[in-house]
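Let's take a look at a pocket and at some ring pairs. Here is the model.

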Amino acid sequence: MNDVYKIFRNEGVEFIGISIWDSPDDAARFYDEESVVYPSGLDRASLIAIDYGVTGIPEKHFINREGQVIHKIVGPVGNKKLQEILWCISWALLGSPSE
């Protein structure tokens with residue numbers, strides 16, 4: 001996801017990683033092992049997971065500027081597919097892809 005984040009962060013897209021059901025040490029270890037470059041944090045009380053209706057991990061929620069979930073993926077997704085989804089969402093919201 002780091003590679004996709006680096007492509008889209010200049011396109012007005014922000015990634016936020018939320019660790020649920022992880023200890024702080026496990027989450028920190030994951031961030032270090034994966035060299036996570038996007039903002040990340042813990043949802044220790046599962047409030048974010050409840051608010052967004054998380055049903056499995058990993059999940060990706062695509063949220064517009066108004067705070068509405070406009071797309072959701074449950075399960076793993078590769079970088080290529082993630083890029084395709086983000087270009088489609090960008091095109092739908094902005095009127096044309098900025099590729």
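## Who lines the pocket

Strand S1 (17-19), helix H2 (24-33), helix H3 (47-51), strand S3 (59-63) and helix H4 (79-94) each put at least two residues into the lining of the largest pocket. H4 gives the largest share, with six residues. Helices (H or I, at least four residues) and strands (E, at least two) are DSSP runs, numbered from the N terminus.

This is a predicted model, where local features need pLDDT of at least 70, side-chain atom pairs count only at pLDDT 80 or more, and totals for chains, interfaces and linings use all residues. Residues are numbered from 1 along each chain as its sequence is written, and side-chain values use heavy atoms, with hydrogens and water left out.

## What the lining is made of

In all, 42 residues line the largest pocket, with Met-1, Phe-15, Ile-16, Lys-60 and His-61 nearest its centre. A pocket here is an open set of points on a 1 Å grid over the protein atoms alone where a 1.4 Å probe fits, with protein on both sides within 12 Å along at least five of seven lines; lining residues have an atom within 4 Å of a point.

## Ring pairs

The count comes to five aromatic pairs, meaning Phe, Tyr or Trp (six-membered) rings with centres within 6.5 Å; planes under 30 degrees apart are stacked, over 60 edge-to-face, the rest tilted. Phe-8 and Trp-87 have ring centres 4.6 Å apart and planes at 55 degrees, so this pair is tilted. Since Phe-8 sits in helix H1 (residues 2-8) and Trp-87 in helix H4, the pair ties together parts 79 residues apart in sequence.

Ring pairs also link Tyr-5, Phe-15 and Tyr-38 into a cluster.
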